[in-house]
Amino acid sequence: MAVLAGAALGAACDAGTVRVDPATQPAAPLRLLGAHVGTNVTLPDNAVIQLAFDRYLLPGTETRQSAVLTAVGGGSVTPAIVTYDPVTRVVSLASPNGEGAPWLTKDQSYKLTLPVPTEENPGFGLRAIDGAPLAEPVTIQFV
């Protein structure tokens, strides 16, 4: 009887399906899904720049150093107020002069750079909630 029970249990065992634990796998890079700025886009001087991502961001990585706005051809840019909305997964760069106040110069070309964190500068750059950085730096030019 015990032999039959053992045979029945042996037949019911899992045949060895291998399941991969996602926690042990390298995370896919963070991706920028879209931005409402680009080469053929002209923004008003009080615009809010918005960047949408494919995953939640690691809190604290959405800083001015993670979204660098510079004027093409020189000139200074007043540092933007950077905020993150985890519901929509959108990073916004807004006027430091108050809501709706001008902060961009009319007809000025700008370059927005999203750097990738490095070992030398781990705090500069956006990361997904699982720690994954952008696959490569992103640069967007606009007027």
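Me: How many bridges join β4 to β5, and do these strands run parallel or antiparallel?
Reply: β4 and β5 are joined by 5 bridges and run antiparallel; two strands pair if DSSP finds at least two bridges between them, and strands (E, at least two residues) and helices (H or I, at least four) are DSSP runs numbered from the N terminus. This is a predicted model, in which local features need pLDDT of at least 70 and side-chain atom pairs count only at pLDDT 80 or more, while totals for chains, interfaces and linings use all residues. Residues are numbered from 1 along each chain as its sequence is written, and side-chain values use heavy atoms, with hydrogens and water left out.

Me: What do β4 and β5 form, and which residue in the turn has a positive phi?
Reply: β4 and β5 form a hairpin with 4 residues between them, and Arg 89 in the turn has a positive phi of about 60°. Within this pairing, Asp 85 stands opposite Val 90 in β5.

Me: OK, and what is the strand order in the open sheet of 4 strands?
Reply: The order is β1-β2-β5-β4, and the pairing is antiparallel. The edge strands, each of which pairs on one side only, are β1 (32–35) and β4 (81–85). From one strand to the next the twist averages 20°, where axes are lines fitted to C-alpha atoms (for helices over the stretch in contact) and angles run from 0 to 180 degrees between N-to-C directions.

Me: Which residues stand opposite each other where β2 is involved, say across from Leu 51?
Reply: Leu 51 in β2 has Ala 35 opposite, and β1 is joined to β2 (residues 49–53) by 3 bridges, the two strands running antiparallel. β2 is also joined to β5, by 4 bridges and again antiparallel, with Ser 92 in β5 as the bridge partner of Gln 50.

Me: How many residues of β5 are buried?
Reply: β5 is mostly covered, with 4 of its 5 residues buried; buried means under 20% relative accessible area, exposed over 50%, and partly exposed in between (1.4 Å probe, protein chains only).

Me: New topic: where is Ser 95?
Reply: Ser 95 sits in the loop between β5 (90–94) and β6 (110–114), and Ser 95 counts as buried because its relative accessibility is 9%.

Me: What lies 3.0 Å from a polar atom of its side chain?
Reply: A polar atom of the Ser 95 side chain lies 3.0 Å from the backbone nitrogen of Asn 97, and one also lies 3.0 Å from the backbone oxygen of Ala 101. A polar contact here is a pair of N or O atoms within 3.5 Å; within protein, one must be able to donate a hydrogen and the other to accept it, and residues adjacent in sequence count only if both atoms are side-chain atoms.

Me: Which residues does Ser 95 touch, not counting residues up to four places away in sequence?
Reply: On that basis Ser 95 touches Ile 81, Ala 101, Pro 102 and Trp 103, contact meaning heavy atoms within 4.5 Å.

Me: How many salt bridges are there?
Reply: The count comes to 2 salt bridges, each being a side-chain nitrogen of Lys or Arg within 4 Å of a carboxyl oxygen of Asp or Glu. In one of them Arg 31 pairs with Asp 54, with the closest N and O atoms 3.5 Å apart. Arg 31 lies in the loop between α1 (2–12) and β1, and Asp 54 in the loop between β2 and β3 (68–71), so this pair ties together parts that are 23 residues apart in sequence.

Me: And how far apart are the closest N and O atoms of Arg 55 and Asp 130?
Reply: In the Arg 55 and Asp 130 salt bridge the closest N and O atoms are 3.3 Å apart. Arg 55 is in the loop between β2 and β3 and Asp 130 in the loop between β6 and β7 (138–142), so the parts tied together are 75 residues apart in sequence. Asp 130 is partly exposed, with a relative accessible area of 46%.

Me: Last one: what is the order of the open sheet that 3 strands form?
Reply: The order is β3-β6-β7, with antiparallel pairing. β3 and β7 stand at the edges with a single partner strand each, so one side of each is left without a neighbour in the sheet.

Me: Which residue stands opposite Phe 142 in β7?
Reply: Tyr 110 stands opposite Phe 142, and both residues are buried. The count comes to 1 aromatic pair. Tyr 110 and Phe 142 form this pair, which is stacked, at 5.7 Å centre to centre and with 25° between the planes; rings of Phe, Tyr and Trp (its six-membered ring) pair if their centres lie within 6.5 Å, and planes under 30 degrees apart count as stacked, over 60 as edge-to-face and the rest as tilted.
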